[in-house]
Structure formats: structure tokens, C-alpha cells
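Thanks for making time this morning. I would like to walk you through one protein model, starting with its domains and then moving to the spaces inside it.

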Amino acid sequence: MTTEHVEFGTFEASLARSRALEKDLEQNPQKHTILTGDRPTGRLHVGHYFGSLQNRVRLHKLGVPTYIVIADYQVLTDRDTFETISENVHQLTIDYLAAGLDPSDGKTFIFPHSHVPELNQLLLPFLTLVTLAELDRNPTVKEEIAAAGLTSINAGMYTYPVHQAADILFCKATVVPVGKDQLPHLEVTRTIARRFNNRYAKNKPVFPEPQALLSEAPLILGLDGSQKMSKSRNNAIMLSADEDETARLIKKAKTDSERVITYDPENRPEVANLLLLTSLTTGRSPEEIAEEIGDGGAGKLKKMLTESLNEYLRPLRARRKELEADPGYIRQVLQDGIKVAREEAIKTLEEVREVMNMGL
Ligand code: TRP
């Protein structure tokens, strides 16, 4: 074992690297492979859409092959509900497709990792490249344990970042678009790639060291205005909600007692969040919208947002309905994704065995 440690690094350094990486993606899309992923815990909401989905679709349109791993094993790290996993995988895939990721371009591969055995096997050699102390120090894992209020922690919780390294490295991804909370996991992945290469493949590295691409997309708060939008916090508008439900939810959104609408994220987070959503769905600046509403108050703001959000999501929701009515197509998309992912994983595992001196 090497003595260097997993470096969790600074956010500013990651942001600077991300900006340089954006440029390179635009100039040399053929040099890159993107991998991103989600846990299948339910349908996606408006916060996911503006926070990450939209960015994935944009990057993908640069012509970079994109693998999207649905991390179904990871769901079991902090909950024991398995009954809904398959349904959630389907719903998540529908949300991806409705948002504009399009596997018919031959460059988008969506698959649940439980169906790619060779990817999962990479976990075993990778587990020998990190120490227990390193796993124990991962800040995101610590936060998740606290957030879920776990009294008994399964080993999958501590080791899933290593599994995530397998998710990323099996296809030799170079770019991983992620939110801030995933940066520690990306550092684990980079460390594993580096240690693997140093130990087994000094002259001809097997793995690239993938880079995080931090989205500069805004953080969308929930309709309570006090925390991140999230289904489990009951403050979300789902992409699959219909127009009346959207109107009802926005109507109940928390605001403040000041009549005149101003854009002041620091002091008026609830109103600012509604203005931000109106801005994202109209293409106008939040300040301009605030000025226009003025003493029309929260009622007018909510009316504007309801209209612009429903209009913005109308095509996505129509496409979502069509996809929901065609489960055979969703299954086909996943089967196609699994097939390509397995081809890549088989090749990588063979290389791994070879350099580890486990060939026959
Ligand atoms: N840990 C990620 C999350 O909770 C999901 C995930 C699993 C992932 N494997 C990945 C993200 C690989 C990026 C790359 O959201």
C-alpha cells in the first residue's frame, strides 16, 4: 500500500479544473468519454432538471459518448426497500429520455449496474487499493449516515465509493459531471486509478484519472424555500406532475410578508427561488422579473411561475406520457445500454486480469 492519502482537495481548485475541462470538451469531444449516474430512488423533479439533467443533455450534444449508470445496488446502502427498485429504474429512464438524452444516436448508454457483472467484479481488486481509514474519512458517506439516521451501518455504505470507482473506470471515462457532494467519491476514483496504474501497469496505464465536471447550474430550493428541493423533504415539483398539480404546489409555496417583490437571495430566499425558477423557464433575468411584478406581490409571482413552468415542461411531459405508455421501448433502451456496457466491462476486466498476472 502506498503512503499517499486520498486528497479531498478544495472546491475552488475543482471549479477551476472544471472550467478548463469544459473548453477541452468543446474543442476535442472525440478524446473524451462521459459517465454519470443516479440512484434509482424515484422520479426526478424540477431541481434535478435544472441542477443536472439539462447540463448532461447539453454536454452530450457536444458529441461525447455518454454512459449513464443507474446505481441500483447503491440504493441498499441506506435503506432496505427493494420492492420499488425495478419501477424506479424504469421511471428514471423515462425522465432521462423525456429530458432529451437520446440513445438512438448510438452514443448514449443507459444501464443498471446490477446487470453488468464484469463492472461489479472490478470492485474486488479496487477494494485492496484503499484503506479502511480512508473509507472511514469520506465526508459524503458521513453526511449520508447522519441524514438517514442509521443506527446500524452496513458495509456497503462504507464501500460504495469504491464500487462507484468501478462504475466510472469500467468504461475508462474521462469526465464525470457531478454535484459538489460527489467530489469526495471522484477523489477516491482518481486515487484508485492512480494506485492501480502505479502498482500493476507502470509502463502502460490501464485507467485514465477521470475529472469531475462541476455543474455551474443553480441550486434549486424546495417550495419551502429553506432547503434543497427533494422528494423526501416533500417540497418538490416532479417532472411527471400535471399542470393542475404544479399550480397547486406553487400556490402553497412559502414566501414572506413583504409585499413588493425584489430579488434578494440572501435575505429573501423563498421569493428568490421562485424568481430563479421563473427566470430559468422564461430566459429573462430574475431582477427584471422582480421589477415587473413589483407590488403585484407573491400572488402575481406565483401566477407567472405557474404559467412559465407549465409551458416550459409541456413538451417534456407530453414525451414522458408517450414513453410511459411504451414499457417495451424502455426495456429495449436498457437492454441496449447493458449490452454495450458489458462489452466495455469485459474488455477492461481482461486487461485488469492480464496486468495483475491472473491470466491463464
Ligand atoms: N453516488 C451517486 C449519487 O448518489 C450515484 C452514482 C453511482 C454515480 N455511481 C455513479 C454518480 C458514478 C456519478 C458516477 O447521486
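The domain assignment of the protein chain gives domain 1, covering 11-217 + 327-355, and domain 2, covering 231-324, with the bounds coming from an automatic or database domain assignment. Before going further, please keep in mind that this is a predicted model, in which local features need pLDDT of at least 70 and side-chain atom pairs count only at pLDDT 80 or more, while totals for chains, interfaces and linings use all residues. Residues are numbered from 1 along each chain as its sequence is written, and side-chain values use heavy atoms, with hydrogens and water left out.

The C-alpha centres of domain 1 and domain 2 are 31 Å apart, and the contact between them, meaning heavy atoms within 4.5 Å, takes 19 residues from domain 1 and 17 residues from domain 2. The size of an interface is often given as the accessible area lost when the parts come together. Here domain 1 and domain 2 bury about 1,600 Å² between them, 65% of it on carbon and sulfur atoms, where buried area is the accessible area (1.4 Å probe) that two parts lose on being put together, summed over both. On the domain 1 side, R43, V46 and F50 lose the most area to domain 2, together 35% of what that side buries.

What about salt bridges, by which I mean a side-chain nitrogen of Lys or Arg within 4 Å of a carboxyl oxygen of Asp or Glu? The whole structure has 24 of these salt bridges, and 2 salt bridges are found across the interface of domain 1 and domain 2.

On a 1 Å grid over the protein atoms alone, a cavity is a set of points where a 1.4 Å probe fits but cannot get out, a pocket is an open set with protein on both sides within 12 Å along at least five of seven lines, and lining residues have an atom within 4 Å of a point. Grid points are joined across faces, edges and corners, and a volume is the space filled by probe spheres set on the points.

There are 2 cavities of 30 Å³ or more. The largest cavity has a volume of about 110 Å³ and is lined by 10 residues, of which S14, R17, L183, E187 and A212 lie nearest its centre. Its largest share of lining, 4 residues, comes from α9, helices being DSSP runs of H or I, at least four residues, and strands runs of E, at least two, numbered from the N terminus. E187 also forms a salt bridge with R190, the closest N and O atoms being 3.7 Å apart; because these two are 3 residues apart in helix α9, about one helical turn separates them.

The second largest cavity holds about 40 Å³ and is lined by D38, L44, H48, S52, L53 and R56, with helix α2 (residues 46-60) giving the most, 4 residues.

Finally, the second largest pocket has a volume of about 150 Å³, and its lining includes D72, H90, H115 and R331. Helices α3 (85-99) and α14 (327-355) each supply at least two lining residues, and α14 gives the largest share, with 4 residues.
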